[in-house]
Amino acid sequence: MKILGISGSLRKGSFNTALLRAAAELAPEGVEFTAATIHGVPLYDADVEADEGIPAKVRELKDLTAAADGLILFTPEYNNSLPGVFKNAIDWMSRPSDDIARVFGGKPVAILGASPGNFGTILSQNAWLPVLRTLGTNPWFGGRLMVSRAGGVFDADGRIVDEKVKHNLTAFLQGFAAFADGTRGG
Ligand SMILES: Cc1cc2nc3c(=O)[nH]c(=O)nc-3n(C[C@H](O)[C@H](O)[C@H](O)COP(=O)(O)O)c2cc1C
């Protein structure tokens, strides 16, 4: 089965992208995990959409999502909410609207995130919920992962050095993969 993870940070040293890379390594057996970022997604502009159609990078993310049995959003938290750059990418991916069902309809989706603060993106994760509902996804609520104080969780190369976080991420991925697998072919 295929799981797609998208990091919502553009930063080279991003904790969320580091978490995404770790997830690719820790994904359960039988899961083909694809790691994607939002690099190359332009700002949404309805005039660009009307004149030029959907940008190539957005088409790529849409097709990866459509082909995946499950989608995981690795979200930073900005100002107690979701990051505009990440929302912008999902907004583009929701165009044209008559393609939403193909890309997101009934799609198992999980959210996790990392932050240097004490609350590990809990408010950002909550802020994604109306978006997931609007897109007709099938959000997974069977597990939660808020990676707080992320500065101490990763080494300089972005590898997880906190064994508890590694364990929790592994369990999260297993739980979500089982959920996504259970929805297949139904
Ligand atoms: C505009 C802005 C607002 C932020 N607001 C929050 C916040 O509300 N809560 C939080 O935990 N961290 C906040 N941060 C800190 C981010 O969690 C931190 O920059 C984090 O490293 C971003 O994720 P990344 O490492 O994947 O890029 C904010 C950062 C920026 C740039």
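Author: Let's start with the rings: searching the whole structure turns up six aromatic pairs. One of them is Phe-15 with Phe-154, a stacked pair with 5.8 Å centre to centre and 20 degrees between the planes. This pair connects distant parts of the chain, as Phe-15 belongs to helix α1 while Phe-154 sits in the loop between β6 (146-147) and α7 (163-182), 139 residues apart. For the cut-offs, rings of Phe, Tyr and Trp (its six-membered ring) pair when their centres are within 6.5 Å; planes under 30 degrees apart are stacked, over 60 edge-to-face, and the rest tilted. Helices (H or I, at least four residues) and strands (E, at least two) are DSSP runs, numbered from the N terminus.

Before going on, some ground rules. This is a predicted model, so local features need pLDDT of at least 70 and side-chain atom pairs count only at pLDDT 80 or more, whereas totals for chains, interfaces and linings use all residues. Residues are numbered from 1 along each chain as its sequence is written, and side-chain values use heavy atoms, with hydrogens and water left out.

Elsewhere, Trp-140, Phe-172, Phe-176 and Phe-179 make up one aromatic cluster.

Back by α1, the loop between β1 (2-7) and α1 (15-26) holds Leu-10, which is partly exposed with a relative accessible area of 42%. Leu-10 teams up with Tyr-78 and Val-85 in a nonpolar surface patch of about 260 Å² accessible area together. Patches take residues with over 30% relative accessible area and no salt bridge, joining like charges within 9 Å and nonpolar side chains (Val, Leu, Ile, Met, Phe, Trp, Tyr) within 5 Å. The areas come from Shrake-Rupley with a 1.4 Å probe, and for residues only the protein chains shown count as cover.

Next, the charged pairs. A salt bridge here is a side-chain nitrogen of Lys or Arg within 4 Å of a carboxyl oxygen of Asp or Glu. Among them is Arg-102 with Asp-63, at 3.2 Å from N to O. Arg-102 is in helix α5 (residues 100-104) and Asp-63 in helix α3 (residues 56-67), so this bridge ties together parts 39 residues apart in sequence. Arg-102 is partly exposed at 41% relative accessibility. Both residues also belong to a salt-bridge network that links Lys-62, Asp-63, Asp-99 and Arg-102.

Lys-166 is partly exposed at 28%, but Glu-163 is exposed at 52%. Further along, Asp-181 bridges to Arg-184, with the closest N and O atoms 2.9 Å apart.

Most residues other than glycine have a negative phi, and most peptide bonds are trans. Arg-149, in the loop between β6 and α7, has a positive phi of about 45 degrees although it isn't a glycine. Thr-121 has a positive phi of about 80 degrees and is buried at 1% relative accessibility. Arg-95 and Pro-96 are joined by a cis peptide bond, omega about -15 degrees.

Finally, zoom out. The protein comes to seven helices and six strands, and 46% of its 186 residues count as buried. Its radius of gyration is 16 Å, which agrees with the value near 16 Å for a compact globule of 186 residues; that rule is 2.2 Å times the number of residues to the power 0.38, with the radius taken over C-alpha atoms.

Key:
Buried means under 20% relative accessible area, exposed over 50%, partly exposed in between (1.4 Å probe, protein chains only).
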